[in-house]
Amino acid sequence: MRKTLTQFLVEQQRVGAPQQLGFLIEVVSQACVTIANAVNKGGIEGVLGALDQENIQGEVQKKLDVIANDIMLAVNGWGGHLAGQASEEMDTIVPDAQTGGEYLLVYDPIDGSSNIDVNGVVGTIFSVLKAPSAAEGRVATEADFLQPGVQQVAAGYAIYGPQTVLVLTLGAGVQAFSLDRETGAWVQTSEAMQIPRKTKEFSINMAYQRHWPAPVSRYVAEVLAGRDGPRGVDFNMRWMGSMVGDVHRVLTRGGVFMYPTDERADMTAGKLRLMYEANPIAFLVEQAGGMATDGARRIMELQPERLHQRTGVILGSADEVALIADYYSKA
Ligand code: AHG
């Protein structure tokens with residue numbers, strides 16, 4: 001009989017994980033089941049397509065972006081375990097009315113929105129921080145969220161693909177749970193996801209090649225040269241248009257995922273958001289034995305200045321990320 005997420009969380013509580021954290025993860029996992037059902041309905045329920053509005057990122061919102069955000073807000077809003085929530089889809093934080101909540105929850109409710117209308121892989125990414133407001137008996141503020149990634153107490157994503165899988169870390173390795181749609185239970189399917197140190201697979205959007213910084217251009221040129229080039233082996237390339245999809249592959253079989261900053265005016269800080277994309281994914285990648293940098297610095301050590309701050313991302317198999325970081329250091 002496979003272990004369920006609930007059993008896993010009870011076991012973690014027996015070895016010291018806070019009960020409220022276990023409850024939080026349970027609630028988030030239930031929100032992801034509801035989101036998975038909405039994603040799965042697609043055109044049947046008319047949830048595809050875009051709205052005539054933009055989010056704070058300046059991106060046209062998809063119907064599912066807002067539906068998923070509303071689900072996360074509602075499902076996580078009643079338990080009293082949160083001091084506040086923040087999301088890619090909301091301008092600022094939503095503090096919880098009660099002041100006892102010990103945690104802050106930050107999320108991208110639908111990552112990979114451009115994949116929604118073409119039935120591509122999408123996911124939900126979430127990050128859990130301790131709430132400074134709990135000890136001070138006050139309502140949470142936006143400043144409370146601006147903690148570096150090393151302060152995360154948990155992180156994970158749900159990937160809505162052929163299988164619906166929840167990948168989670170509480171700081172003791174990376175576990176995976178697959179959704180059994182017949183029972184509605186998350187069933188453990190991996191006890192410790194590990195990223196191989198070496199890989200022959202890279203992931204980057206080649207369309208922006210002319211804009212890349214020199215270290216990325218050098219690295220990609222070398223892997224494209226294949227067995228006749230400096231690497232001496234042929235590489236494969238994948239790009240799914242959804243960080244969750246590419247990262248799940250990296251966590252499963254290794255690889256290096258790159259979304260660097262580049263010279264374009266709107267890309268000098270990068271595309272991916274630090275608080276609810278880069279940090280939670282970096283936590284998972286490091287817990288699985290990989291590395292996650294912005295090219296030069298460890299992502300989880302970046303001090304956020306703003307809630308929707310962006311960052312460059314180079315992550316995955318440790319030896320590859322270290323090689324790229326070396327090229328950055330010499331640039
Ligand atoms: P969003 O959630 O706003 O769709 O952004 C998705 C991110 C990330 O998931 C993915 O790797 C990247 O954007 C894809 O960017 P390009 O479309 O520029 O390739």
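The shell around the ligand takes at least three residues from each of domain 1 (5-190) and domain 2 (201-330), the domain bounds coming from an automatic or database domain assignment. This is a predicted model, in which local features need pLDDT of at least 70 and side-chain atom pairs count only at pLDDT 80 or more, while totals for chains, interfaces and linings use all residues. Residues are numbered from 1 along each chain as its sequence is written, and side-chain values use heavy atoms, with hydrogens and water left out.

Among the 19 residues around the ligand, those that come nearest are Asp111, Ser113, Tyr208, Met243 and Tyr259, where a residue is near if one of its heavy atoms lies within 4 Å. Strands S5 (103-111), S13 (256-259) and S14 (272-273) each supply at least two residues of this shell, and S5 gives the most, with 3 residues; strands are DSSP runs (E, at least two residues), numbered from the N terminus.

Turning to individual atoms, an oxygen atom of the ligand lies 2.7 Å from a side-chain N or O atom of Tyr259, and a ligand oxygen is 3.0 Å from a side-chain N or O atom of Lys271. A backbone N or O atom of Gly112 is likewise 3.0 Å from an oxygen atom of the ligand. The protein covers 90% of the 470 Å² of accessible area (Shrake-Rupley method, 1.4 Å probe) that the ligand has on its own.

Note on methods: A polar contact is a pair of N or O atoms within 3.5 Å; within protein, one must be able to donate a hydrogen and the other to accept it, and residues adjacent in sequence count only if both atoms are side-chain atoms. Helices (H or I, at least four residues) and strands (E, at least two) are DSSP runs, numbered from the N terminus.
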